[in-house]
Amino acid sequence: MKKWASGIFTSIRGGLGAGLESVRDLGVSTVQLHAPAADHRSPERTAQLREEFARAGIGVTVVFAGFEDDDYATVERVKQTVGLVPKDRRARRLAEVLEISDFARRLEVEAIGMHLGFVPPNSADPEFDAVVAVTRQVCDHCAGNHQRFHLETGQETAKELLHFIQAVGRDNLAVNFDPANMILYGAGNPLEALDVVGPYVKSVHCKDASYTRKPGQPWYEDAPLGQGDVNIEACLRKLNELGYAGALTIEREYSPDQAGDLKAALALLESLRAKILGA
Ligand code: MG
């Protein structure tokens, strides 16, 4: 894979055919894949998917795990419902994440990622140790599948995330850096975050967001890349200094013109790549 290969998120809904065509039409060579439902994770179905990606010349860089009953409506609901942190959902979700890791292995993907949820910031909280323990279980299972486990940024500050990563103490635990999430969750300045967790960054979401919310705008609504308060050029320059060579995966979640915004973001990344890498 070439350095900073362009990517987008994709998912398997009614079938991959149309999805992959539109990915190819955009001119990207990588995707991050939302983990599909269990009926698409069987060995037979996975072999088909692997074949379809190979034929399209598209590399899957990360399989992202999420759950039907994740609720992003408010930050409070995120705390209660997202990831492996909510205690009442943890065991069931752990089992599913391990299955997703096995699916990703069959797909020959070298990382899975997820929003882990709001890790308790205080390590004296007994739930902190419980979340460390469940994260070790995921890391160890992934290691058996020759994979890394990527934590999406944003729900904690970079310092808290670093502290958590060190507490887990597994070599295959890494960071999916999403600068926009840090703004949306109020988890600190994304550029400064790179000074703290930069060496752990193994995948990147090129997503933007504004600090200022317009009247009635939901807390989670992102912005077209380059039009929010994430300074994507500065982030990329810092990632370059850190030696980051992985994919740049564009994420544009809430847009009236998603296709248009993706194309504009791809053009922006192309020009920044030329400017920063001279390539
Ligand atoms: Mg993201």
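Q: Helices (H or I, at least four residues) and strands (E, at least two) are DSSP runs, numbered from the N terminus. Which strand gives the most to the lining of the second largest pocket?
A: This is a predicted model, where local features need pLDDT of at least 70, side-chain atom pairs count only at 80 or more, and totals for chains, interfaces and linings use all residues. Numbering starts from 1 along each chain as written, and side-chain values use heavy atoms, without hydrogens or water. β3 (59-65) and β7 each supply at least two lining residues. The top contributor, with 4 residues, is β7.

Q: Which residues lie nearest the centre of that pocket?
A: A pocket is an open set of 1 Å grid points over the protein atoms alone, where a 1.4 Å probe fits, with protein on both sides within 12 Å along at least five of seven lines; lining residues have an atom within 4 Å of a point. Here 22 residues form the lining. Nearest the centre are E110, R148, K202, Y244 and G246.

Q: Which residue is the bridge partner of N176 in β7?
A: Strands pair if DSSP finds at least two bridges between them. β6 runs parallel to β7 (201-206), joined by 3 bridges. The partner of N176 is S203.

Q: Which residue of β6 is the bridge partner of L151?
A: β5 (148-152) pairs with β6 in the parallel sense, over 4 bridges. L151 has as its partner V175.
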